[in-house]
Structure formats: structure tokens, C-alpha cells
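Hi everyone, thanks for coming. Let's look at the model together and talk through its strands, rings and cores.

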Amino acid sequence: YNYYDGSDWGDYPTERVESIRTGWPVYAPLGENGEIIVSHALPDPDGDWVLLFNKRDTKGEGDWEEFTLAGPEAGVGIVWPSMVTGGPDHNIIHILARSYGNDYMGQTGALLYSRSSDGGATWDIQNLFFDELGPDYFTAIDADGFAWAQPKGNTLAFTVGFDIGHACFMKSSDGGDTWEFTEVYHCPFYPAPGAATPPFGAGDGTQ
């Protein structure tokens with residue numbers, strides 16, 4: 001981590017932010033002038049993957065406070081986080097993550113949503129599964145196959161797919177309490193039949 005204050009960069013970093021090795025970091029503002037980072041990590045080699053957060057009240061200054069968010073059940077971790085913050089002071093954290101480990105809700109990788117309204121102290125929504133994105137629609141959610149739009153007030157939206165399969169987006173007008181599914185593209189050859197298919201249109205994997 002390094003911080004640019006508009007004029008200069010800080011000292012060259014000599015150690016990582018996190019207390020253990022992590023992967024796939026995502027950064028967002030938090031609070032009036034703070035910041036937060038989330039990555040996936042495996043604290044226990046015999047345990048499940050978790051999301052590991054580090055936050056602090058002032059950008060570029062002070063000690064980091066570290067905490068974790070676990071998956072929905074034993075044997076099911078969460079990885080590949082995508083995060084945005086919202087609310088008047090950026091104190092509401094919205095997280096998407098993909099399940100990892102045992103199959104969950106009929107998928108080898110299920111998309112799960114969590115929300116904290118108090119900067120990560122508690123989670124009022126934790127590992128919510130979207131039925132619309134379940135095994136009847138996606139055999140699995142691809143790693144990094146989902147992306148947030150910037151929140152606008154209480155309106156949230158994220159995309160899923162846009163690769164070799166279906167493409168859709170989910171939208172909430174009440175800050176994540178309820179969600180509406182909209183399909184953008186229906187792939188005629190999904191799941192893949194196990195043999196060559198005729199050429200067909202699809203996304204390129206970007207969000």
C-alpha cells in the first residue's frame with residue numbers, strides 16, 4: 001500500500017497491510033476520510049477461505065484494523081471479493097463474493113451478497129444467495145465474473161456473466177434489501193453441450 005496526497009507519495013512500503021498472505025485486493029473509501037481493503041485469505045490451511053478486511057479512519061495515516069467475514073457454513077468459504085461503499089458517509093459496505101470449497105445451493109461456485117451498515121462492525125445481511133442466479137440459470141459463477149456499478153443513493157446494481165454464457169444484472173432500489181433480476185443476453189449454448197457449437201455471440205468477459 002502507498003498513498004498519494006495530491007503532491008507526494010508516501011515512503012516506499014516495506015511490508016504488506018495484511019497480517020497473512022492474501023489475494024485479490026479491492027479498495028474503497030470508508031467513512032468521512034477513511035479507507036478499507038478486502039482480500040481473500042486462508043488463515044488456517046485446514047479451514048475455509050474467508051474475506052479479510054483492513055480499515056482505518058484516515059487515508060494514508062494510522063494503524064489498520066483487521067477483521068474477517070466467513071462463508072455461509074463449514075466447508076464453504078468465500079473468495080474473489082468485489083466491494084463498494086455507499087451512504088452519506090461511505091459507511092455502508094456492500095460485498096459480493098463467490099463460494100469456494102464444497103458445492104453450495106447446487107453450484108460449484110455460488111454468488112453471495114453481504115452488507116454492513118456500520119463500517120464492518122456487524123453484518124445485517126450475510127452471504128445472501130440469489131435464487132435468480134442459481135443452478136437453473138448458471139451452473140457456476142465464474143471467478144471475477146461479477147462487478148458493481150457505483151451506488152447512487154439507495155440504488156445499487158451489479159453485472160454477472162458477459163462471457164461465454166448468459167449475461168444479466170441485478171438492481172436494488174432500497175439499499176440491498178430487495179433485488180430485481182434483468183437478463184441482458186441469453187446464451188443459446190449454455191451450459192456447453194460437451195461438443196463443438198456453431199458460432200454465437202457472447203461477451204468478452206469484461207464487465
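Let's start with strand 7 and strand 8, which pair in the antiparallel sense over three bridges; two strands pair if DSSP finds at least two bridges between them. Helices (H or I, at least four residues) and strands (E, at least two) are DSSP runs, numbered from the N terminus. Before going further, the housekeeping: this is a predicted model, with local features needing pLDDT of at least 70, side-chain atom pairs counting only at pLDDT 80 or more, and totals for chains, interfaces and linings using all residues. Residues are numbered from 1 along each chain as its sequence is written, and side-chain values use heavy atoms, leaving out hydrogens and water.

Back to strand 7. Tyr 113 has Leu 128 in strand 8 as its bridge partner. On the other pairing, strand 6 and strand 7 run antiparallel, joined by six bridges, and Arg 98 stands opposite Leu 111.

Is strand 7 mostly covered or mostly open? Covered: six of its six residues are buried, where buried means under 20% relative accessible area (1.4 Å probe, protein chains only). Leu 111, Tyr 113 and Arg 115 are buried on one side, and Leu 112, Ser 114 and Ser 116 on the other.

Now the rings. Rings of Phe, Tyr and Trp (its six-membered ring) pair if their centres lie within 6.5 Å; planes under 30 degrees apart count as stacked, over 60 as edge-to-face and the rest as tilted. That gives 17 aromatic pairs. In one of them, Tyr 104 and Phe 129 have ring centres 6.5 Å apart and planes at 85 degrees, so the pair is edge-to-face. Tyr 104 lies in the loop between strand 6 and strand 7 and Phe 129 in strand 8, so the pair ties together parts 25 residues apart in sequence. Both Tyr 104 and Phe 129 are buried.

Tyr 113 and Phe 130 have centres 6.4 Å apart and planes at 40 degrees, so this pair is tilted.

Finally, the cores. A nonpolar core is a set of buried Ala, Val, Leu, Ile, Met, Phe, Trp, Tyr and Cys residues joined through side-chain atoms within 4.5 Å. The largest has 20 residues, of which Ile 36, Leu 51, Phe 53, Met 83 and Ile 95 touch the most other members. Strands 1 to 6 each supply at least two residues of this core. Apart from it lies another core, of 18 residues, among them Phe 130, Tyr 137, Phe 138 and Cys 168.

Terms used:
Buried means under 20% relative accessible area, exposed over 50%, partly exposed in between (1.4 Å probe, protein chains only).
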